[in-house]
Amino acid sequence: MSIQSFIPPRRILMGPGPSDISPQVLQAMSRPTVGHLDPLFIQMMDEVKALLKYAFQTENEFTIAVSAPGSAGMEACFVNLIEPGDKVIVCRNGVFGERMRENVLRAGGEAVVVDDEWGSPASPEKVEQAFLNHPDAKILAFVHAETSTGALSDAQTLGTLAKRHSALTIVDTVTSLGGVPLKVDEWQLDAVYSGSQKCLSCVPGLSPVTFSAAAIEKIQSRDTPIQSWFLDQSLVLGYWSGEGKRSYHHTAPVNSLYALHESLVLLQNEGLESAWQRHQEMHQKLKQGLEALGFKFVVEEAYRLPQLNAVYIPEGIDEAKIRQQLLNEYNLEIGAGLGALAGKAWRIGLMGYGASQQNVSLCLKALEEKLK
Ligand SMILES: *Cc1c(COP(=O)(O)O)cnc(C)c1O
């Protein structure tokens, strides 16, 4: 055997994630590995917590990064908050809402599903009705930014609504964090998870989460133990905090956390509002270009995510072949349709570092040339 080192090409990532990563973040990742209980590393973890609080706009003490991808952050929220028999209202308007429903069932909960069309946001009216029909519902779960369709749901209205019915919220912000306004405290959200590889433009494999005081209280007053040892946040808490006497839980992905730290420093330096605005501006430019090429958006303008542009594929073209050509000839990756939109739509991401004029121009030029 003489397998050689793997040298990947330099792709432009304009799909649903992972997104383009800043060279500064990749550089941070290649710095020397230190022990995960090294005092300097612990200091850095504290900074990651502070930076994540800023990104999530929260004062929640329990704000950390789960050492696994967004899907693990999702699972962490569900297995910690749900006890067998708990009734959970789940909004389903795409792939990730359906995954939430599966998580509820696997945690032994009862799912009350509120369905909306793919491409539409979760309907607060339907959720209100679900609470009236199920006053014993303890949790409302919804996806803020549905990456399978590009639709943005109104997390503020849904969060307030859940509070009025004395329910906790579990909110998927994997694609929204850093790309569109998200205000965990102001909107009264309880268990919120995200991902490193979308608008934070960090390497895949980490999942920022934040838990409100009410969520922590629910976890601490459980009658049954959390079925997942690794994701049991009461154990993880001792690893990420505990004033000078941190206890070993698992070995943190040290270098990935350097990368997350760096990507959050970049976000802090740019400023959240400026980052949201940049995503919006790049989206407007991409939208104008796509519409000039004849593309139609899947989502109505009012609910459209700037960072995930789902457009219908023109009739009569071999969509997989075009994506292959974009990759081979332009080193450009765009996303295929997922679930109900498979074969019908493309998903063009403008996430984090990739939300740039350069990427918009390249994508429009490549599509124009290939669709001629
Ligand atoms: C990408 C994504 C996830 C899953 O994140 P992974 O890092 O792929 O595990 C969950 N929810 C939404 C909305 C996503 O876009």
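1. A backbone N or O atom of Gly70 lies 2.9 Å from an oxygen atom of the ligand, and the side chain of Ser71 brings an N or O atom to 2.5 Å from a ligand oxygen atom. In the side chain of Lys198, an N or O atom is 2.7 Å from an oxygen atom of the ligand. Of the 380 Å² of accessible area that the ligand has on its own, the protein covers 89% (areas come from the Shrake-Rupley method with a 1.4 Å probe).

2. This is a predicted model, in which local features need pLDDT of at least 70, side-chain atom pairs count only at pLDDT 80 or more, and totals for chains, interfaces and linings use all residues. Residues are numbered from 1 along each chain as its sequence is written, and side-chain values use heavy atoms, with hydrogens and water left out.

3. The residues that surround the ligand include Pro69, Phe96, Ala145, Thr147, Asp172 and Gln197. The shell divides into four nonpolar, five polar and two charged residues, where Asp, Glu, Lys and Arg count as charged, Ala, Val, Leu, Ile, Met, Phe, Trp, Tyr, Cys and Pro as nonpolar, and the others, Gly among them, as polar.

4. Asp86 is found in the loop between helix 3 (70-81) and strand 3 (87-92); helices (H or I, at least four residues) and strands (E, at least two) are DSSP runs, numbered from the N terminus. Asp86 counts as buried because its relative accessible area is 4%, and buried means under 20% with a 1.4 Å probe and protein chains only. The side chain of Asp86 makes a polar contact with the side chain of Lys218 at 2.8 Å; within protein, a polar contact is a pair of N or O atoms within 3.5 Å, one able to donate a hydrogen and the other to accept it, and residues adjacent in sequence count only if both atoms are side-chain atoms.

Note on methods: Near = heavy atom within 4 Å. Buried < 20%, exposed > 50% of the residue type's maximum accessible area, 1.4 Å probe, protein only.
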